[in-house]
Amino acid sequence: MAVAAAGLSWRRVSSSTGPVPRSRHGHRAVAIRELVIIFGGGNEGIADELHVYNTATNQWFLPAVRGDIPPGCAAHGFVCDGTRILVFGGMVEYGRYSNDLYELQASRWLWKKVKPQAPSTGSPPCPRLGHSFSLYGNKCYLFGGLANESEDSNNNVPRYLNDFYELELQHGSGVVGWSIPMTKGILPSPRESHTAIVYCRKDLGSPKMYIFGGMCGSRLNDLWELDIETMTWSRPETKGTVPLPRSLHTANVIGNKMYVFGGWVPQSAGGEISAPDGEWKCTGSFSYLNLDTTEWIGLISDCQEDKSNLLPGPRAGHCAVAVGTRLYIWSGRDGYRKAWNNQVCCKDLWYLDTEKPPAPSQVQLIRATTNSFQVKWDEVPTVEGYLLQLHADLPVPSAAGVPGAAVPETSVLSSQGGSSLHQSPQPLPSVPYPEMKVDHPSQTNNVVPNNVQVSLPSNSLLKIEGKDKVAAPENKNTQETLKNHTDATGFRESNAPSLLPVCTTSPQTSANVGELHDLDKRTVNPDASVSSTVSSTQTMVTQQAVKTESSSTNGAVVKDETSLTTFNSKSEAAETAHIAPSTRVNPGQTNDSHSSRTPQRQMKARDRQWYDVGIFKNSTAVVSQFYLLPEETLNCSSKTGSANVPDYRLLKKQDLFPGTVYRFRVAAINGCGVGPFSKISEFKTCIPGFPGAPSTVKITKSVDCIHLSWEPPASPSGNILEYSAYLAIRSTQLQENPSQLVFMRIYCGLKTSCIVTAAQLSNAHVDYTSRPAIVFRISAKNERGYGPATQVRWLQGKVGVRLS
């Protein structure tokens with residue numbers, strides 16, 4: 001099968017929740033982050049609802065729109081600019097077309113009819129359908145379509161168009177007006193139901209618009225290029241097999257490829273294409289054009305029949321939209337020639353991962369104990385799971401002669417009152433990696449992406465950094481999830497079904513990890529490891545000036561030079577271990593693991609063996625064990641560098657050891673296979689007898705200071721004698737070595753809270769390794785000394801905090 005040979009695997013979405021829209025054709029779709037927004041189309045009448053599908057939660061919803069709500073339309077123009085959507089033209093009823101322009105502010109689901117100025121020369125665009133409407137920068141480009149020459153809507157006299165307009169947009173909202181740009185070269189021939197995309201090569205930087213196919217009485221498969229900077233039309237030469245002439249197909253740009261799916265094509269018999277006025281059919285063919293080399297590559301041929309339901313069936317007038325590198329296709333006519341008011345449409349939703357996922361961020365430490373780590377990493381959009389691996393400084397035995405270990409614990413995070421972090425046993429599902437089946441990429445309830453911040457009004461708005469807000473569905477699940485996200489720790493339990501070994505946490509968590517050195521040279525445990533947590537979503541952003549100049553309070557020590565310490569973030573690649581190729585890859589796939597920079601210390605051969613911790617659906621894990629490979633697999637992998645993925649149910653497990661350094665890496669998995677691994681992070685399990693790390697850190701902002709509080713360690717291992725809180729500060733040493741944070745002790749005492757003054761914060765270093773944050777560390781001391789510290793990154797928004 002061609003598509004299988006290309007490494008592509010279509011997945012049909014099942015078990016979605018919410019009000020699924022009725023099937024249709026002639027509709028349009030755009031994506032705003034993880035949301036697919038669908039409008040219009042027809043099937044037994046023209047639809048006027050706005051439907052939204054959340055790809056992260058597999059949930060449909062109908063937002064409560066307001067304002068100048070447009071009438072239903074089909075074959076209209078539909079583009080997205082940030083969080084606003086523009087709708088132009090289309091058929092509003094049989095034989096009657098529109099040239100109205102509407103704007104939807106998706107942050108408030110507010111419609112507004114806009115009236116652009118007419119062009120200085122010529123007339124504004126006439127009413128039409130089947131035109132292309134493409135966005136680049138602050139301009140939309142309108143080309144072609146079908147007009148009705150008759151004033152009587154029941155007497156349809158078609159006129160194919162090839163006029164070309166430019167619509168200038170105002171920033172944020174509103175439009176300026178239409179213009180008719182002067183172009184060079186030969187204009188494409190008149191057509192409707194074609195596709196148009198805009199692509200800009202990274203190396204050349206000249207944006208181009210490509211028009212493909214369409215209908216002008218007969219179907220077309222010609223390709224046209226417009227250089228937007230010079231406004232020059234041309235016919236680029238292409239390589240490969242050009243797709244059959246078609247209309248009502250879709251074209252989407254992902255990376256440097258234009259993916260073309262479906263549409264009406266001429267009926268072929270014996271390799272001969274029928275005459276222009278002959279029979280035609282619906283197709284499920286799938287091709288892409290490499291926009292850098294202008295070479296056509298066929299993935300699914302027009303004659304390829306699929307009776308196994310592994311591929312989307314033939315269709316036309318469907319919608320297709322790219323969410324990241326994933327392509328979604330929904331509904332459309334299924335190919336039967338019926339009257340307009342009695343057409344059969346597809347009811348299915350499909351997606352295709354076009355590339356392997358990128359490498360996740362480095363594994364970050366949330367908490368360490370003597371025999372476990374709680375870790376996290378940043379979510380990668382549109383993936384089905386994550387493969388987490390480790391290797392240790394200690395020799396790890398093969399499975400030969402090792403008794404089966406107990407089922408590892410996974411984290412269940414409290415959803416009750418209070419905000420403490422709990423750990424309780426939970427069975428680890430036995431899911432063999434090669435047979436992993438996921439109905440949909442994520443079934444958690446309303447997952448909020450990492451760079452989305454949660455605001456707390458009753459209308460449940462999600463704020464996108466640097467852009468307007470996108471309103472989420474106002475249903476019980478969403479509001480409950482938003483409520484959970486406001487907890488001070490940022491941790492909440494997910495009640496969603498988990499198909500893979502997983503421990504869940506709020507995606508709002510953010511941590512920066514590494515190993516603590518010389519926290520307090522008088523009492524520090526040199527082998528103490530680091531644990532970290534995060535500030536609450538309610539304290540994620542602060543841009544209010546702190547005006548007080550008061551000195552230390554509540555026992556805090558200001559600029560105590562004797563308490564300065566440095567923090568060497570090994571996880572930020574200051575010391576990166578060698579990555580050997582994984583010994584486990586998906587059958588039929590290659591593993592894109594990369595080697596990092598030369599390590600500072602030479603590793604022994606045994607250190608290069610990576611062991612699977614498991615496959616996790618979400619981006620957090622509690623690690624207390626890992627899987628051992630059979631001895632013969634180890635011997636084989638040392639020779640070949642790769643082997644089939646083992647069946648985890650048949651493997652033995654090894655517990656983590658106290659006081660041991662473990663290195664972690666993680667790779668994301670989607671329908672194309674396992675992507676490249678992250679950079680390596682290094683953590684150390686705790687040594688028995690020292691206190692654990694303080695937990696449940698809260699940061700509360702006042703007018704002239706902030707309040708820092710925490711809870712005692714879950715395992716104090718004796719009486720807590722004191723706590724120390726530290727603040728990362730600006731330093732010339734930090735400028736010379738950005739990976740080495742310098743900390744100043746701001747509190748030492750028995751209380752589990754302290755006040756951080758404006759004077760202290762004025763010295764703070766803003767860490768930009770992921771998102772701007774001020775870094776705190778808190779550790780506890782017992783009779784044996786200081787245990788691991790909890791690190792907190794207090795998020796500051798896009799700009800550094802301004803303090804007076």
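Okay, let's start at Arg367, which is found in strand E30 (residues 364-368). Strands here are DSSP runs of E, at least two residues long, numbered from the N terminus. This is a predicted model, where local features need pLDDT of at least 70 and side-chain atom pairs count only at pLDDT 80 or more, while totals for chains, interfaces and linings use all residues. Residues are numbered from 1 along each chain as its sequence is written, and side-chain values use heavy atoms, with hydrogens and water left out.

So is Arg367 buried or exposed? Buried, because its relative accessible area is 15%, and buried means under 20% (1.4 Å probe, protein chains only). Arg367 also sits 9.6 Å from Thr685, C-alpha to C-alpha, though the two are 318 residues apart in sequence.

Now, the cysteines. Cys73 counts as buried because its relative accessibility is 4%, and Cys672 counts as buried too, at 5%. How many disulfides do we get? The count is 0, taking a disulfide as a pair of cysteine sulfur atoms within 2.5 Å.

Two strands pair, by the way, if DSSP finds at least two bridges between them. E6 and strand E10 (residues 110-114) run parallel, joined by 2 bridges. If you want a spot to look at there, Gly67 stands opposite Trp111 in E10.

Terms used
Buried < 20%, exposed > 50% of the residue type's maximum accessible area, 1.4 Å probe, protein only. Helix = DSSP H or I, 4+ residues; strand = E, 2+ residues; numbered from the N terminus.
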